[in-house]
Amino acid sequence: VQLQASGGGLVQAGGSLRLSCAASGRTSSRYNMAWFRQAPGNKREFVAAISWTGDMTKYGDSVKGRFIISRDNAKNTVYLQMNSLRAEDTAAYYCAARGGSFHDPSDYNYWGQGTQVTVSS
């Protein structure tokens, strides 16, 4: 499956952005999807994930209550609504896909290119 992320940009602290990740390829709608982020010098950080049915989600502790992940399988697109943004949210954001169980601890095996989010304080 191929993933194309978009929607990054520059925003002031307290503002909002919505990222999109369009998936293409065979049976792309049956993949669990996730967002990760990585700032320079930092390890990759889990942000949010959603099951392929859309009925299960989970979030990283640093974004709980501020970010919302959703998907539209008719459009093969997953979204990340980011609210109350902080300077520490600045990073390259990557979408990822994986088949199998939503709770499988295995790593994601399909990755898109990053989209940069910069939050000015």
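In this predicted model, the charged end of Lys 58 sits over the ring of Phe 102, 5.0 Å from its centre; a charge is counted as over a ring if NZ of Lys or CZ of Arg is within 6 Å of the ring centre and within 35 degrees of the ring normal. The charged end of Arg 98 is likewise placed over the ring of Tyr 108, 4.3 Å from its centre. Residue numbers start from 1 along each chain as its sequence is written, and side-chain values use heavy atoms, with hydrogens and water left out. As the model is predicted, local features need pLDDT of at least 70 and side-chain atom pairs count only at pLDDT 80 or more, whereas totals for chains, interfaces and linings use all residues.

**Aromatic pairs**

- The count comes to 4 aromatic pairs, where rings of Phe, Tyr and Trp (its six-membered ring) pair if their centres lie within 6.5 Å, and planes under 30 degrees apart count as stacked, over 60 as edge-to-face and the rest as tilted.
- One of these pairs is formed by Phe 36 and Phe 46, which are edge-to-face at 5.6 Å centre to centre, with 70 degrees between the planes.
- This pair links distant parts of the chain, with Phe 36 in strand S4 (residues 32–38) and Phe 46 in strand S5 (residues 45–50), 10 residues apart; strands (E, at least two residues) are DSSP runs, numbered from the N terminus.
- Phe 36 is buried at a relative accessible area of 7%, and Phe 46 is partly exposed at 26%; buried means under 20% relative accessible area, exposed over 50% and partly exposed in between (1.4 Å probe, protein chains only).
- The rings of Phe 36 and Trp 111 are tilted, because their centres are 5.0 Å apart and their planes stand at 50 degrees.
- Since Phe 36 lies in strand S4 and Trp 111 in strand S10, this pair ties together parts that are 75 residues apart in sequence.
- Trp 111 is partly exposed, with a relative accessible area of 31%.
- Phe 36, Phe 46, Tyr 108 and Trp 111 form one aromatic cluster.

**Open sheet**

- An open sheet is formed by 4 strands in the order S1-S3-S8-S7, with antiparallel pairing; two strands pair if DSSP finds at least two bridges between them.
- Strand S1 (2–6) and strand S7 (67–72) are the edge strands, each pairing on one side only.
- Neighbouring strands of this sheet are turned by 15 degrees against each other on average, direction ignored; the axes are lines fitted to C-alpha atoms.
- S7 and strand S8 (residues 77–82) run antiparallel and are joined by 6 bridges.
- Phe 67 stands opposite Met 82 in S8.

- Ser 20 belongs to strand S3 (residues 17–24) and is buried at 17% relative accessibility.
- Beyond residues up to four places away in sequence, Ser 20 touches Gln 4, Ala 5, Ser 6, Trp 35, Thr 77, Val 78 and Tyr 79; contact means heavy atoms within 4.5 Å.
- Gln 113 is in the loop between strand S10 (110–111) and strand S11 (115–120) and is partly exposed at 33% relative accessibility.
- Leaving aside neighbours within four places in sequence, Gln 113 is in contact with Leu 3, Gln 4, Ala 5, Tyr 93 and Tyr 94.
- The side chain of Gln 113 reaches the backbone oxygen of Ala 5 at 2.8 Å.
- Gln 113 and Ser 20 are 93 residues apart in sequence and 12 Å apart in space, C-alpha to C-alpha.

How values were computed. A polar contact is a pair of N or O atoms within 3.5 Å; within protein, one must be able to donate a hydrogen and the other to accept it, and residues adjacent in sequence count only if both atoms are side-chain atoms. Axes are lines fitted to C-alpha atoms, for helices over the stretch in contact, and angles run from 0 to 180 degrees between N-to-C directions.
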